[in-house]
Amino acid sequence: MKLFFKEVEEFSERDEEAVDLLRRRLLGGVAVIIPFFSIIISRLWSLQILHGDDYKEHAYSNRVRVQEIAAPRGHILDRKGREIVTNRPSFNVVLMREDSHDIEEVLKRLAPVLKEDISLLWERIRKSSGVPRYLPITLKEDIDWQTLAYIENHNQEFPGIRIEVKPVRVYEYGNLASNTIGYLGVISKAELEKSDQKIYSGTDLVGKQGLEKLREADLRGGKGHRYIEVDARGFERKQLKQIDPLPGNQIYLTIDAELQKVAENLMDRDERAGAVVAMEVKTGRLLVLATTPSIVLDQFIGGISHKNWNALRDNPQHPLLNKIVQANYPPGSTYKMVIGLAGLAKGLVDRETKIYCPGHYSLGNKTYRCWKHSGHGSVNLEEALEQSCDVYFYQLGQWLGVDTIAEYAKKFGLGEKTGVEMEHEKSGLVPTKNWKRQRYGERWHDGETVIVAIGQGYNLATPIQLTVMTAALAANGKRMQPQLIEKVVDPSGEVTDTFEPIVVADEKFDSRFMDIIHQGMVDVVHGKKGTARKIAIDGLTIAGKTGTSQVVRVAKYRGLKDDDIPYNYRDHALFTCYAPADDPEIALTVIVEHGLGGSSTAAPIAKVVLEKYFEDYLNELQANEEKENQA
């Protein structure tokens, strides 16, 4: 028995050792097997669950090719529904790199057909190096029918080459309002990275400037798709399915195309540079937005050439600049209404107050001259506006001080952006003592106030600011937000966005003071000594103000004839007005760069624009007069 128990004890000890060994081996095996299967399972999960759709789509695309169909961009129309910008189909030659096994050979055959240098085609391919191989690279846009027919009939010679149809812009009125409308271009790499990849791809056209850029979301529409069965060489066999694109929204502008055309033609005559802005006084709707010279929109279709771009960039009249909001000009004498109103409001002058103008004004050891060297004699505010007497406003400005002048200038929106839907709007400049201290670290001098009071010196304003100022004067201090978009309409015809007048400020100036300013401006056009009396229109009362802003003071050109002064040193010509004076509908500003006299250059342009705007009224008036004469 004793021996038996001893054997059992020895056996138990050996068994426990064996079990322990077995347990360790099992644990070791599990430690190896679990990671192994984990790797397999995770890989299967990645292939089938995480990227399953991608691989499935990739495999499917070996047989079925999905092609994007560009959406027609929304049309741009004027306030009366006249189409300014529409679309037409453009046939582009594109390269599918994954279908072309010998690109060099294909390009050698293709270049003569496209009448392009092969190096240019390679350059386009290199520029698209970041584009995936399954996406097309555009080699040439907008080919003619003859080239299109040749490529289609000989497509077996050009593996990887296909024709892509894309809509391109048609400018029904030529370059009408071109800086406001803007242009398109191929989306850049930086733009693509910032954009929604579900909407944009590498060869898409996007708005680069103007409304085309600002209203990109409205205008772009939604892409369609074609599902094409292709063979092993990428040649199409049949179309399986097509989802049509969705056109972009239509944008109705507030501008009047015919009125805009009149303004632009007048400015283009004699190759004038400058701007014309017209706005409805009571609503803020912009009727005319002319900036010249304008850009040639057709040059941007298919990409502008370096030669044309350099010509635009280097043009001394700056056609790339939207002068309506991006050009700052000294307002000159068009600023005098602000000074006059401030003087009335502060009680420094009234209707009867007269200031003597001997042709010059002395302050300290300096003498400031009136434009009329012989002087205007004693003039009140209405007469000072009518004749644009500098000495009256030198004196009144000195009484007011620069900070009070600035206070009233800002009541009319000067020195701040109007908020109109345009890019890179400038705020202009209304100087104050504090501004100069912060800007130059210097104190303000009294002599500078004298200059500021006639709209010179540090004063700067954009054409649209002057128009808003004049409209606010016409509306007795009610300042409207300038509006460019009348409404937006989606493809189903539903209006998705509408214009609503926005009152920015309502100063409610004393009507007695406004009457004086209004009368002075009416006298500018209809008074016996008015500086713009030559533009008076029978049957229409116009309230206006001429202006001439000095560009640079160069003593050696003083006293010379206009034609003897270099173009860049000639004064700018300005005219701002509203009409009819007794119930204002339209405010209008004309600026002709280096046009010399406001009365001789800018005001006549305003006259023609007003005649066009009031054409029906004036024709009716004339017809009634003829009837009365016949009777």
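Helices (H or I, at least four residues) and strands (E, at least two) are DSSP runs, numbered from the N terminus. The structure described here is a predicted model, in which local features need pLDDT of at least 70 and side-chain atom pairs count only at pLDDT 80 or more, while totals for chains, interfaces and linings use all residues. Residues are numbered from 1 along each chain as its sequence is written, and side-chain values use heavy atoms, with hydrogens and water left out.

The overall form comes first. The protein contains 22 helices and 23 strands. Its radius of gyration is 36 Å, well over the 25 Å that the globule rule gives for 631 residues, so the protein is more spread out than a compact globule. Here the radius is taken over C-alpha atoms, and the globule rule is 2.2 Å times the number of residues to the power 0.38. Along the principal axes, the C-alpha atoms fill a box of roughly 145 × 80 × 55 Å.

The next topic is surface and interior. A residue is called buried under 20% relative accessible area, exposed over 50%, and partly exposed in between (1.4 Å probe, protein chains only). Of the 631 residues, 49% count as buried. The protein exposes about 31,900 Å², and carbon and sulfur atoms supply 50% of this area. Accessible areas come from the Shrake-Rupley method with a 1.4 Å probe, and for residues only the protein chains shown count as cover. As for charge, there are 82 positive and 90 negative side chains, and the centres of the two sets lie 4 Å apart. Lys and Arg count as positive and Asp and Glu as negative, whereas His and the chain ends are not counted. Each charge is placed at NZ of Lys, CZ of Arg, CG of Asp or CD of Glu.

Contacts show how the chain meets itself. Contact means heavy atoms within 4.5 Å. Among the contacts with a separation of 6 or more, 71% are accounted for by residues 24 or more positions apart. Leaving aside neighbours within four places in sequence, isoleucine 355 is in contact with Gly377, Ser378, Val379, Tyr392, Gln395 and Trp399. Valine 379 is 24 residues away from isoleucine 355 along the chain, and their C-alpha atoms are separated by 5.6 Å. Lysine 115, by contrast, is exposed, with a relative accessible area of 68%. The loop between helix 3 (103–114) and helix 4 (118–127) holds lysine 115. From lysine 115 to threonine 147 there are 32 residues in sequence and 9.5 Å in space, C-alpha to C-alpha.

Aromatic rings provide further links. Rings of Phe, Tyr and Trp (its six-membered ring) pair if their centres lie within 6.5 Å; planes under 30 degrees apart count as stacked, over 60 as edge-to-face and the rest as tilted. A search of the whole structure finds eleven aromatic pairs. One of them is the stacked pair of tyrosine 183 and phenylalanine 300, with 3.8 Å centre to centre and 20° between the planes. Tyrosine 183 lies in the loop between helix 6 (178–181) and strand 6 (184–186), and phenylalanine 300 in the loop between strand 12 (286–292) and helix 11 (306–314), so the pair ties together parts that are 117 residues apart in sequence. Tyrosine 183 and phenylalanine 300 are both buried. In another pair, the rings of tyrosine 613 and phenylalanine 614 have centres 4.7 Å apart and planes at 85°, so this pair is edge-to-face. Tyrosine 613 is partly exposed at 26% relative accessibility, whereas phenylalanine 614 is buried at 4%. Trp435, Tyr440, Trp444 and Tyr458 form one aromatic cluster.

The backbone also deserves attention. Most residues other than glycine have a negative phi, and most peptide bonds are trans. A cis peptide bond joins threonine 292 to proline 293, with omega about -5°, and proline 293 is placed in the loop between strand 12 and helix 11. The bond from alanine 579 to proline 580 is also cis, with omega near -15°; proline 580 is in the loop between strand 22 (572–579) and strand 23 (586–592). Serine 388 has a positive phi, near 55°, in the loop between helix 14 (381–387) and helix 15 (390–400). Leucine 596 likewise has a positive phi, near 70°, and lies in the loop between strand 23 and helix 21 (598–613). Serine 388 counts as buried at 5% relative accessibility, and leucine 596 counts as buried at 19%.
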